[in-house]
Amino acid sequence: MIIPSPGLPTPPSRHRTSRRAALGEGLAATLAASRLLAPSLFVGCSLGIPPRAATVTVGLLHSQTGPLAIGSTSVRDIETHAVERFNASGGVLGHQVTIRGPDTRSRSELFPRRATELLDAGAVALFGRWSSASRKAVLPVIEARDALLYYPVQYEGNETSRHVVYGGQLPNQQILPAIDWLASDAGGNRRKVFLLGSDIVSSRTTNFVTKKWLAEKGITVAGEEYFPLDHEDFAPVVGRIADSGADWILNTVNGEGNIHLFGNLAAKLDAATVPMVSTSISEDDLRSVPRGVAEGHFVLSNYFQTIDSPVNREWMEGFRAEFGRDRVFGDTMESAWSLIHLWKTAVEKAGSFEVDAVRSAFASGLSFAGPGGPVALDAATQHCSRYFRLGKIRRDHLCDIVRSSEEPIAPDPYPQIAFPGWKCDWTRGGLERGPEVTIDG
Amino acid sequence: MSYDFSWVYQMPPWRLALLMVGLFVGFYWVGAIFIRPFLRVLVRRSPGLNDLIGYVLSCFCVFYGLLLGLIAVTAYQNYAEADQNVTREATALSALYEDVSRYPEPFGQDLRWLLRDYTRYVIRYAWPLQRQGIVPQEGTIRAEALFDRLLDFQPKTPSEQILHAEALRQLNHFLECRRMRLFSVTNGLPASMWYVMFVGAAFNIILCWMFDTKFMTQLVLGGILAAYLGMMMYLIIDMNQPFRGEVSITPEVFEVLYRRMDDV
């Protein structure tokens with residue numbers, strides 16, 4: 001740059017720019033800058049912003065606070081783990097699956113409200129819930145909205161809804177084979193049973209079916225008692241069991257009452273003489289029972305953590321790597337894992353998330369190699385085939401499997417011995433009603 | 001109706017910086033070509049004009065510079081405070097985890113699971129939502145579950161009472177820090193400040209257009225000033241929301257804690 005000296009004429013610039021030329025140069029410079037930035041500013045508006053993947057929402061209906069929280073939380077975690085694995089391997093039908101998991105606070109009346117909120121938010125499927133009361137509370141909502149619920153919990157049967165896929169064991173897959181075994185020589189030839197349960201629909205219905213079966217087999221019912229869910233003092237009933245001469249106990253008590261029941265039982269009766277067979281407790285729930293008091297009693301389940309198979313080991317390892325090395329597994333977790341995989345298979349077969357298309361895919365025969373063994377969905381009843389397994393509780397609260405069915409048992413939500421004339425086949429007309437059945441209580 | 005500018009936080013920082021500089025320089029140059037001739041008609045050429053504009057500009061720049069500087073410092077302070085708060089939350093969680101690890105079973109195990117679950121949720125689900133400027137909701141459910149389970153525990157010995165009191169104190173501290181983190185997700189400069197900043201930048205540029213200089217000098221010097229204004233805007237935008245954009249607070253402290261939780 002030439003700086004003019006005072007008193008001297010300004011030297012002529014060698015490149016004197018005219019106004020017109022300068023305007024042209026400025027315009028050219030602006031256009032050049034625009035062209036440089038254009039690919040990121042305007043063309044396709046890329047700006048380095050990653051494109052959004054297609055997403056689909058599933059709803060997890062679980063109680064994360066209140067008395068049902070601990071068991072439900074483990075089920076929520078395993079479902080979350082499954083979804084994360086789906087997403088890591090490309091999602092479902094190319095969609096990333098997002099989870100919505102409101103808290104139902106262990107209150108049955110909140111389940112329908114939360115289900116409605118999830119469906120309003122666009123959930124294509126609902127997973128979860130715990131008690132039969134909560135399942136029944138949700139049924140009107142999912143039927144009115146034509147939605148599908150995947151229910152992983154062992155339950156009493158006597159229900160088939162076109163809008164529910166049932167993953168848990170039914171009495172014919174759990175209790176009835178256990179009765180047969182306990183009445184056999186290998187099972188101790190036990191002929192007198194005391195029925196203990198919670199005063200809820202699932203316990204009463206289960207025992208209704210059980211009593212029919214016991215009568216058929218010539219086994220005596222020494223007593224039958226029901227207690228509120230928050231009942232703690234089982235010492236009097238344990239005394240009555242001892243007096244009744246029962247040689248085994250069938251326990252359908254739900255929830256934390258089991259902690260007190262095991263304690264009261266250990267104080268009075270020997271597990272080797274009068275074993276208790278529980279239907280609604282898993283290795284996960286047994287953590288709450290004081291060490292040693294449950295030893296020698298039995299648990300009925302489709303799945304035990306002690307199943308020695310590569311699929312089970314890989315499943316447990318995968319979950320523990322993500323959620324913690326000390327995590328314990330239970331039957332409902334296994335069932336929930338299998339159900340969510342069956343949902344994925346159905347959606348992929350249907351090529352759609354639409355409920356009707358997914359339901360149509362059920363008829364094609366869905367199966368999944370679960371940690372507890374192969375699971376097949378029966379399109380006729382929308383229940384799953386499950387193994388019968390009887391586990392003997394160890395001191396460390398894990399269970400040794402003492403009896404297992406050779407293969408998964410087909411589901412029968414209406415055992416004819418208890419519900420004569422009742423049948424369900426959704427592939428051929430649906431529910432066929434028999435005579436009205438009244439369940440005691 | 002307000003326009004959603006959240007897309008700026010999805011851009012890589014260098015692109016955002018380039019965009020801001022490009023916008024300001026482009027605006028300056030386009031104005032220099034098309035608007036400046038009209039300004040020069042309005043403000044007629046006179047011998048002392050450049051000096052006058054220079055005085056006005058320098059006076060204006062003092063106020064505007066102060067405003068920009070203070071806003072940049074405030075944005076950085078917000079960022080630093082949010083960062084410290086995240087560290088405090090993780091520290092409180094860590095202390096709580098240590099406390100509950102000494103609880104009798106199954107409480108200890110249940111509480112450890114719930115704490116791990118909360119930490120995992122923060123890393124895997126809450127943080128991506130915060131990055132989009134969304135306040136995560138389901139962490140509240142997990143915090144409530146933790147609170148509920150902790151209150152279920154009834155201490156039986158004096159040492160358990162002391163331990164429980166300390167755990168509850170840590171829980172309250174953790175909940176307080178958590179609330180602060182959630183508040184800072186949507187915390188940012190108010191819209192009025194953004195208007196003042198952009199209008200101030202426009203005045204700066206208009207004053208520069210009024211200078212009576214050679215055209216190329218105008219483009220080069222004005223372009224440098226505009227580029228610097230763009231850089232300042234980029235800095236403030238990037239710091240404004242501490243959890244958004246690539247240059248933002250990361251969940252690293254929670255990740256470290258989560259790895260350690262599995263070892264305890």
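In which helix of chain A do Arg114(A) and Glu117(A) both lie, and how many residues apart are they? Both belong to helix α3 (residues 110-120), 3 residues apart, about one turn of the helix. The model is predicted. This briefing covers an open sheet of 7 strands in chain A and a selection from the 39 salt bridges found over all chains.

**Sheet of chain A**

- The strand order is β7-β6-β8-β9-β10-β14-β15, with mixed pairing.
- Strands β7 (220-227) and β15 (399-404) stand at the edges with a single partner strand each, so one side of each lacks a neighbour in the sheet.
- Neighbouring strands are turned by 25 degrees against each other on average, direction ignored.
- Strand β14 (residues 389-393) pairs with β15(A) in the antiparallel sense over 5 bridges, and Lys392(A) stands opposite Asp400(A) in β15(A).

**Helices packed on the sheet**

- Helix α5 (residues 175-183) of chain A touches β8, β9, β10, β14 and β15, and its direction makes about 170 degrees with that of β8(A).
- Helix α8 (residues 257-268) of chain A touches β6, β8, β9 and β14, and its direction makes about 170 degrees with that of β9(A).

**Salt bridges**

- Arg114(A) and Glu117(A) form a salt bridge, with the closest N and O atoms 3.4 Å apart; Arg114(A) counts as buried at 16% relative accessibility, whereas Glu117(A) is partly exposed at 38%.
- Glu105(B) and Arg112(B) form a salt bridge at 3.5 Å between the closest N and O atoms; Glu105(B) is partly exposed at 48%, and Arg112(B) is buried at 11%.
- Glu166(B) and Arg169(B) meet in a salt bridge of 2.9 Å, N to O, and both lie in helix α6 (residues 158-185) of chain B.
- Shared partners join Arg76(A), Asp77(A), Arg327(A), Asp117(B) and Arg142(B) into one network of salt bridges.

Technical notes
Residues are numbered from 1 along each chain as its sequence is written. Chains are lettered from A and ligands numbered from 1 in the order in which they are written. This is a predicted model: local features need pLDDT of at least 70, side-chain atom pairs count only at pLDDT 80 or more; totals for chains, interfaces and linings use all residues. Side-chain values use heavy atoms; hydrogens and water are left out. Two strands pair if DSSP finds at least two bridges between them. Helices (H or I, at least four residues) and strands (E, at least two) are DSSP runs, numbered from the N terminus. Axes are lines fitted to C-alpha atoms, for helices over the stretch in contact, and angles run from 0 to 180 degrees between N-to-C directions. Contact means heavy atoms within 4.5 Å. A salt bridge is a side-chain nitrogen of Lys or Arg within 4 Å of a carboxyl oxygen of Asp or Glu. Buried means under 20% relative accessible area, exposed over 50%, partly exposed in between (1.4 Å probe, protein chains only).
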